[in-house]
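Here is a friendly walk through this model, meant to be read with the sequence and the 3D view side by side.

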Amino acid sequence: MEKPTGGDGGSGESLKPGKYIVTGDRQVTTILTVSPPDASGAMQWQLGAGKLSEVTHLPCRTGRYSGPGCTPANAKQSDFPVRPGALMPPVQGCNKVDYAVLFVLGVAA
């Protein structure tokens, strides 16, 4: 999987406000609207049609593991690779955030 360009280099949380054509390379292609940050800095995302699971590219999964005792040595190798669409496995001593992948086909006019 290619590393994303721009933004924060991975999570996609810093997409600029706007409308994007997205797909999971399956049946649903739709518009993702990213709203400008509110007073707290949070950005709202809204799909024009379908559900997030329908526009997520299932084979591409990732997670961010963190914490003071978090190390790859704590991961069970038998938990990998992860089944398409499944959550990333827990790792002892780690906090985990799961991420899904959307393909951005273009910016909507």
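This is a predicted model: local features need pLDDT of at least 70, side-chain atom pairs count only at pLDDT 80 or more; totals for chains, interfaces and linings use all residues.

Asp98 is partly exposed: its relative accessible area is 25%, which lies between the 20% limit for buried and the 50% limit for exposed. Lys96 is partly exposed too, at 30%.

The side chains of Lys96 and Asp98 meet in a salt bridge, with 2.6 Å from N to O. That distance qualifies because the cut-off is 4 Å. By this rule, the count for the model comes to one salt bridge.

The protein chain has an average pLDDT of 83, and 87% of the residues reach at least 70.

Where among the strands is confidence highest, and where is it lowest? Strand β2 (residues 29–34) has the highest mean, 93, while strand β6 (residues 103–107) has the lowest, 87. Residues 1–13 call for care, as their pLDDT is below 50. In the model, this stretch has 14 contacts beyond near neighbours in sequence.

## Strand β1 and its partners

Strand β1 (residues 18–23) pairs with β2 in the antiparallel sense, over six bridges. To find this pairing on screen, look for Tyr20, whose bridge partner in β2 is Leu32.

Technical notes: Residues are numbered from 1 along each chain as its sequence is written. Side-chain values use heavy atoms; hydrogens and water are left out. Buried means under 20% relative accessible area, exposed over 50%, partly exposed in between (1.4 Å probe, protein chains only). pLDDT is the predictor's confidence in each residue, from 0 to 100. Helices (H or I, at least four residues) and strands (E, at least two) are DSSP runs, numbered from the N terminus. Contact means heavy atoms within 4.5 Å. Two strands pair if DSSP finds at least two bridges between them.
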